[in-house]
Amino acid sequence: MTGIFESHRGELLRFLTARCGDREEAEDLLQELWIKASGQPADPIANGRAYLFRMANNLVLDQRRARQRAMARDHNWLEAEGQMADVPEKRPDPALPADETIVKQQEAELVRQAIAALPPGAQKALRLHRLEGLGQAEVAQVMGISRSGVEKHLAVAMKHLRNALADCGLIAPVASKEKKAIRGGEPRKDTGT
């Protein structure tokens, strides 16, 4: 795991800096990530890069939660000591926390990029079916192909998206045994369609 860590060190530091907004804090988290990664068992991991980025994201979220707990503890102490006159009013913000907003924006951008990288037919079928809400028969009419052709385009699109998003750590890759169980037996041969 440390070999994968070293090959993605710069990328991980940029990721953590973007999430934290502070380079020094990101470097501290990177060090903590290295300690955790070097302590991982040598079991094979399907996508080590995605695993490291998920660990890094979890460290950022853990740090945020710890800060929130500390702030709540300090607030409660000040309230109990009768010193709340010096503390700004505690109002919940209806907006999503900034880090969650950034994560959602980054995830949306990754999905947009993955859709843009699809073959043209698969991209058009996916947009019509999933984004515009057309049924498969309607998509077939719009595209001038059979319903079976639409199903093939959608299958290609979903396979590409699943792989792209698994590489980024947004979804867990499906293990070979699970794929086999889902298909109901022997693995299918990829015909490239």
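Why does N57 count as buried? N57 has 8% relative accessibility and therefore counts as buried, a term that means under 20% relative accessible area, with over 50% exposed and the range in between partly exposed (1.4 Å probe, protein chains only). The model is predicted, so local features need pLDDT of at least 70 and side-chain atom pairs pLDDT 80 or more, while totals for chains, interfaces and linings use all residues. Residues are numbered from 1 along each chain as its sequence is written, and side-chain values use heavy atoms, without hydrogens and water.

N57 lies in helix α4, residues 48-80. Helices are DSSP runs of H or I, at least four residues long, numbered from the N terminus. Leaving aside residues up to four places away in sequence, N57 touches F15, R19 and V103. Contact here means heavy atoms within 4.5 Å.

The structure holds 1 aromatic pair. F15 and F53 form this pair, edge-to-face, at 5.1 Å centre to centre and 80° between the planes. Rings of Phe, Tyr and Trp (its six-membered ring) pair if their centres lie within 6.5 Å; planes under 30 degrees apart are stacked, over 60 edge-to-face, and the rest tilted. The pair links distant parts of the chain: F15 sits in helix α2 (residues 9-20) and F53 in helix α4, 38 residues apart. F15 is buried at 17% relative accessible area. F53 is buried at 9%.

The largest nonpolar core has 16 residues. Such a core is a set of buried Ala, Val, Leu, Ile, Met, Phe, Trp, Tyr and Cys residues joined through side-chain atoms within 4.5 Å. Helix α4 gives the largest share of this core, 6 residues.

Methods: Helix = DSSP H or I, 4+ residues; strand = E, 2+ residues; numbered from the N terminus.
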